[in-house]
Amino acid sequence: MSECLFCRIAAKEIPSSMVYEDEKIFAFNDINPQAPVHILVIPKEHIPSITDVKDLSVVGELYNVINKLAEAKGVKATGFRVIVNHGKDSGQAVPHLHFHLLGGRHLHWPPG
């Protein structure tokens, strides 16, 4: 899907601060970080949102990468948050499934 911002980032048509890549998953630092660690983890396949997931194994693969990144970034032991937004009212600005990995500071609840 060539007009999708995250598809273009995963295809390396748009530069990003990549932190992980494999055959199915791409992860990069958020350009507007809300915590010292703020990484977006996306499937390379275009999936508009969490409700459009047909193959649930992709969610497991995303969480596996999130766990690896939490360990690599040093937030696994102290705690981190994973957020998935669905639709504009939730704050989903890009219609491509993405998981926010946040950590590196005390995170308040509710997030605001």
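Colleague: Where does aspartate 22 lie?
Modeller: Aspartate 22 is in the loop between S1 and S2. Keep in mind that this is a predicted model.

Colleague: What is aspartate 22 in contact with, leaving aside neighbours within four places?
Modeller: Lys44 and Val65.

Colleague: How are the C-alpha atoms of aspartate 22 and lysine 44 separated?
Modeller: By 9.1 Å. Along the chain, the two residues are 22 apart.

Colleague: OK, asparagine 29 next. Where is its place?
Modeller: Asparagine 29 sits in strand S2. At 27% relative accessibility, asparagine 29 counts as partly exposed.

Colleague: And which residues is asparagine 29 in contact with, beyond four places in sequence?
Modeller: Ser17, Val19, His38 and Ile39. For valine 19, ten residues away along the chain, the C-alpha separation from asparagine 29 is 6.9 Å.

Colleague: Step back a bit. How many helices and strands are in the chain?
Modeller: Two helices and five strands. In sequence order the pattern reads α-β-β-β-α-β-β.

Colleague: How compact is the chain?
Modeller: As compact as a globular protein of its length, because its radius of gyration of 13 Å is close to the 13 Å from the globule rule for 112 residues. The C-alpha trace spans about 35 × 30 × 25 Å along the principal axes.

Colleague: What percentage of the residues count as buried?
Modeller: 38% of the 112 residues.

Colleague: And what share of the contacts comes from residues 24 or more positions apart?
Modeller: 52%, taken over contacts with a separation of 6 or more.

Colleague: Now the largest nonpolar core. Which residues touch the most other members?
Modeller: Ile39, Val41, Leu62, Leu69 and Phe99, out of 19 residues in that core. S2, S3, H2 and S5 are the elements that give two or more residues to this core. H2 gives the most, with seven residues.

Colleague: What does leucine 69 touch?
Modeller: Val19, Tyr20, Ala27, Ile39, Val41 and Leu101, setting aside residues up to four places away in sequence. There is also a second, separate core of ten residues. Its members include Ile9, Phe26, Leu40 and Val94.

Colleague: Pockets, then. How much space lies in the largest pocket?
Modeller: About 690 Å³. The largest pocket is lined by 32 residues. Asp30, Asn32, Gln34, His38 and His100 lie nearest its centre.

Colleague: Which elements supply at least two residues each to that lining?
Modeller: Helix H1 (5-10), and strands S2 (25-29), S3 (37-43), S4 (80-83) and S5 (99-103). H1 gives the most, with three residues.

Colleague: How does the lining of the largest pocket split by class?
Modeller: 15 nonpolar, 14 polar and three charged residues.

Colleague: And the second largest pocket, how much space lies there?
Modeller: About 180 Å³. Among the residues that line the second largest pocket are Glu23, Lys24, Lys44, Glu45, Asp52 and Lys54. By class, that lining has eight charged, three nonpolar and one polar.

Colleague: Which helix gives the most to the lining of the second largest pocket?
Modeller: H2, residues 57-72, with three residues. Lys44 in that lining is also a contact of aspartate 22.

Colleague: Backbone now. Which peptide bond is cis?
Modeller: The bond from tryptophan 109 to proline 110 is cis, and its omega is near 0°. Proline 110 falls in the segment after S5.

Colleague: What about the phi of lysine 12?
Modeller: Positive, about 65°, although lysine 12 is not a glycine. Lysine 12 is in the loop between H1 and strand S1 (18-21).

Colleague: Is lysine 12 buried or exposed, and why?
Modeller: Lysine 12 is exposed, because its relative accessible area is 52% and the exposed class is over 50%.

Conventions. Residues are numbered from 1 along each chain as its sequence is written. This is a predicted model: local features need pLDDT of at least 70, side-chain atom pairs count only at pLDDT 80 or more; totals for chains, interfaces and linings use all residues. Side-chain values use heavy atoms; hydrogens and water are left out. On a 1 Å grid over the protein atoms alone, a cavity is a set of points where a 1.4 Å probe fits but cannot get out, and a pocket is an open set with protein on both sides within 12 Å along at least five of seven lines; lining residues have an atom within 4 Å of a point. Grid points are joined across faces, edges and corners, and a volume is the space filled by probe spheres set on the points. Helices (H or I, at least four residues) and strands (E, at least two) are DSSP runs, numbered from the N terminus. Ala, Val, Leu, Ile, Met, Phe, Trp, Tyr, Cys and Pro count as nonpolar, Asp, Glu, Lys and Arg as charged, and the others, Gly among them, as polar. A nonpolar core is a set of buried Ala, Val, Leu, Ile, Met, Phe, Trp, Tyr and Cys residues joined through side-chain atoms within 4.5 Å. Buried means under 20% relative accessible area, exposed over 50%, partly exposed in between (1.4 Å probe, protein chains only). Contact means heavy atoms within 4.5 Å. The radius of gyration is taken over C-alpha atoms; the globule rule is 2.2 Å times the number of residues to the power 0.38.
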